[in-house]
Amino acid sequence: MPRRSAGLLLFRRRNGDLEVFLAHPGGPFWTKKDLGSWTIPKGEYEPDEEPLAAARREFEEETGFKPDGEFLDLGAVTQRSGKIVAAWAVEGDCDPAQLVSNTCQVEWPPRSRRLIDVPEVDRGAWYSITEAREKIFTAQVAFLDRLIEKLSQEPD
């Protein structure tokens, strides 16, 4: 069975433009990676856990920000690794400088059996949709497209 994750795409409207909040994975593997390496805050969940509840929990654990509002279902994508990621969008705001992430253990260097603690997310940032398309994992670009589609269906 493929691994499953759930996450949130926080968005805001700034001077008439749409911006999304993305997170950069922590740890030495990701240190020098930028384009195509940012993600929505997300995490794996148990089979008996409600995916939206997991998405909300993971967002708060990885950023320190508590998401609230109307959650828009953005469906799921399958990443290159085979992991299935479900996402919801929610309108809100946060200051990336205030981001506080939980930590996890990773083996570093690879195959060394040496475990180190790293933040799950080392930073976050707001991006225009155009910028986000360059920054986000390829499979997650679909979430940006789906967000735009959902927002275009809103009554004025």
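Leaving aside neighbours within four places in sequence, leucine 99 is in contact (heavy atoms within 4.5 Å) with Phe21, Glu62, Thr63, Phe65, Val121, Arg123 and Gly124. The model is predicted: local features need pLDDT of at least 70, side-chain atom pairs count only at pLDDT 80 or more, and totals for chains, interfaces and linings use all residues. Residues are numbered from 1 along each chain as its sequence is written, and side-chain values use heavy atoms, with hydrogens and water left out.

Leucine 99 belongs to the loop between strand E5 (84-91) and strand E6 (103-107); helices (H or I, at least four residues) and strands (E, at least two) are DSSP runs, numbered from the N terminus. With a relative accessible area of 15%, leucine 99 is buried, a term that means under 20% relative accessible area, against over 50% for exposed and partly exposed in between (1.4 Å probe, protein chains only). Glutamate 60 is 39 residues from leucine 99 in sequence, and their C-alpha atoms are 9.7 Å apart in space.

Strand E6 runs antiparallel to E7, and five bridges join them; two strands pair if DSSP finds at least two bridges between them. Threonine 103 has proline 119 in E7 as its bridge partner. In a regular strand the side chains alternate between the two faces of the sheet.

The next element is helix H3. In H3, Val141, Phe143, Leu144, Leu147 and Leu151 are buried. Seen down the helix axis, the buried residues of H3 fall within an arc of 160 degrees (taken from the directions from the axis to the C-beta atoms), so they line one face of the helix. Their cover includes strand E1 (4-14), strand E2 (17-25), strand E4 (72-78), E5 and helix H2 (129-135).

A nonpolar core is a set of buried Ala, Val, Leu, Ile, Met, Phe, Trp, Tyr and Cys residues joined through side-chain atoms within 4.5 Å. The largest has 23 residues, and those with the most contacts inside it are Leu9, Phe11, Val20, Leu22, Ile40, Phe143 and Leu147. H3 gives the most to this core, with five residues. Not counting residues up to four places away in sequence, leucine 9 touches residues including Val20, Leu22, Ile40, Phe143 and Leu147. A second, separate core of 18 residues includes Ala6, Leu10, Phe65 and Trp126.
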